[in-house]
Amino acid sequence: MLVVGGGAAGVSAAMQARELGVDVVLLEAAEVGGTSLNHGPAPVRTLARAARLARDWNSWADFGLEGSRPVPNLPAVLANSARVSRYARDRKHMSARLRHFGIELTENLGPVQFLDSTTMAAGDGRTWTADRIILAVGGHAASLPVPGGELALTYSDLPTLTALPGTAAVIGGADTGCQIASILADLGSRVSLFEAGPHLLPHADTSVSTGMRDAFRSRGIEVFAATPVQSLEGAGGRVRLRHQDTETPFDAVFAAIGWPADIQHLGLPRAGVTAEPHAIPVDAHLRTNVEHIYAVGDANGRSKLVQTARLEGRVAAKNAVNGPTAVATYTVVPTGSFTDPEYGQVGLTEAQAVDRHRAVTATALYENLLRPVTDGRPEGFCKLIADADRHTILGAHVLGEYSAEIVQVVATAMASGMKVEQLADLQFSFPTFTEAVAMAAQKICRDIGIGSFPAVWSDLESEG
């Protein structure tokens with residue numbers, strides 16, 4: 001088997017195939033670990049942690065703490081982010097471990113391309129032939145398609161900054177754009193966020209999108225929704241951004257408008273593989289139109305999440321070795337952000353649930369829980385969605401501290417087939433943020449008349 005790409009999907013595919021007794025060659029254009037370890041979630045989450053610590057200074061006085069405001073040392077902050085990127089490669093010796101497992105790994109190879117449907121070649125003339133090929137080539141930040149778009153930076157450029165921009169514009173209000181805006185604002189930049197669509201976080205529940213917008217604005221981030229950017233222009237070391245016939249200069253402009261797959265250099269037509277402009281279509285078993293060639297992770301464009309990429313890598317390897325029987329499922333995939341405030345989600349949004357089910361929702365506010373109040377972070381909520389007839393849990397959407405962790409609880413309940421009344425009966429540790437899950441579940445049970453749950457304490461005043 002030949003696996004192209006050493007990120008989350010490729011490493012999982014190679015390990016799974018080797019576990020099944022197959023000879024595996026793993027080709028990586030740069031360093032094993034891919035975007036998730038080298039440039040994406042791991043280092044960006046580290047930046048977000050530094051930003052969060054800087055933010056927490058604002059609440060010191062509330063807890064009786066005195067001291068000087070911390071001043072971000074950007075080179076030191078970025079160096080710590082790079083340390084995390086190196087951890088898996090150096091401390092865990094990822095490359096050596098893969099080779100020890102029997103995988104033939106080649107790194108820093110540059111792009112490879114098909115010569116025919118079973119053979120791939122590198123730029124230095126080396127070739128590899130395999131019975132099965134799994135494409136796990138990852139993706140890249142999309143270019144901004146406006147005049148002067150080449151002046152925009154991407155999240156990959158964050159480690160190259162030599163100084164924190166005094167003013168920054170972020171174009172794109174989905175996950176990555178909101179993360180960049182949040183990190184820069186916490187570190188001290190004045191940030192303006194531009195989204196062409198009507199809402200931030202277009203794939204999130206409306207309550208989360210609205211809550212994030214309001215939270216950003218309360219922190220001083222300018223949020224422009226339904227505002228396409230028309231052009232960028234260099235102006236004396238700054239970038240002039242034009243929108244709605246208004247021009248505003250910024251010290252830096254970041255674009256986060258999409259994540260197409262890295263397929264342009266693969267020579268797919270020589271292998272007979274059909275591709276779309278930004279991804280390779282696959283069937284339920286992750287096969288391309290050429291039955292012995294598979295595409296996983298960013299390459300097929302289905303999910304673009306690390307956790308899903310790992311699953312797809314395993315599924316594709318099993319199918320390539322044993323025949324196409326395994327199917328990747330996407331019903332219960334919890335996701336979370338590195339924004340301030342955090343948000344997490346799993347399952348259907350409220351709009352999707354209402355469209356497909358007789359849905360019932362309930363929201364537990366953080367301000368009605370002891371732990372958020374004691375931590376000085378009472379802004380946030382946990383919304384739970386269930387089917388009123390079958391009592392199944394359809395989704396959850398959490399905004400506020402520890403949201404990405406809290407939503408995992410609901411994901412586990414959904415995956416195990418728990419009913420909402422069972423979730424309501426769970427005895428979560430007190431005081432914790434996770435109590436919001438049980439509180440919301442109990443509210444749903446009262447609404448649909450099951451379990452004889454009494455009113456939760458936060459509702460006593462409104463019901464009394």
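Reader: How many cavities of 30 Å³ or more does the structure hold?

Author: Happy to start there! This is a predicted model, in which local features need pLDDT of at least 70 and side-chain atom pairs count only at pLDDT 80 or more, while totals for chains, interfaces and linings use all residues. Residues are numbered from 1 along each chain as its sequence is written, and side-chain values use heavy atoms, leaving out hydrogens and water. A cavity is a set of points, on a 1 Å grid over the protein atoms alone, where a 1.4 Å probe fits but cannot get out; with a cut-off of 30 Å³ or more, the number of cavities is 2.

Reader: What is the volume of the largest cavity, and which elements give two or more residues to its lining?

Author: Volume here is the space filled by probe spheres set on the grid points, which are joined across faces, edges and corners, and for the largest cavity it is about 60 Å³. Lining residues have an atom within 4 Å of a point; among them are Leu47, Leu158, Leu161 and Leu164. Helices (H or I, at least four residues) and strands (E, at least two) are DSSP runs numbered from the N terminus, and those giving two or more residues are helix 4 (74–91) and helix 6 (175–187).

Reader: How does the lining of the second largest cavity divide by class?

Author: This cavity holds about 40 Å³ of space, and its lining includes Arg52, Ser182, Asp186, Thr339 and Asp340. Ala, Val, Leu, Ile, Met, Phe, Trp, Tyr, Cys and Pro count as nonpolar, Asp, Glu, Lys and Arg as charged, and the others, Gly among them, as polar. The lining of the largest cavity has 10 nonpolar residues, with no polar and no charged ones. For the second largest cavity the classes are 4 nonpolar, 2 polar and 3 charged.

Reader: Now the sheet: which strands are at the edges?

Author: The open sheet has 5 strands with parallel pairing, in the order 3-2-1-7-15. Two strands pair if DSSP finds at least two bridges between them, and strand 7 (residues 133–135) pairs with strand 15 over 3 bridges. Pairing on one side only marks the edge strands, strand 3 (104–106) and strand 15 (293–295).

Terms used:
1 Å grid on protein atoms, 1.4 Å probe; cavity = no way out; pocket = protein on both sides within 12 Å on 5 of 7 lines; lining within 4 Å.
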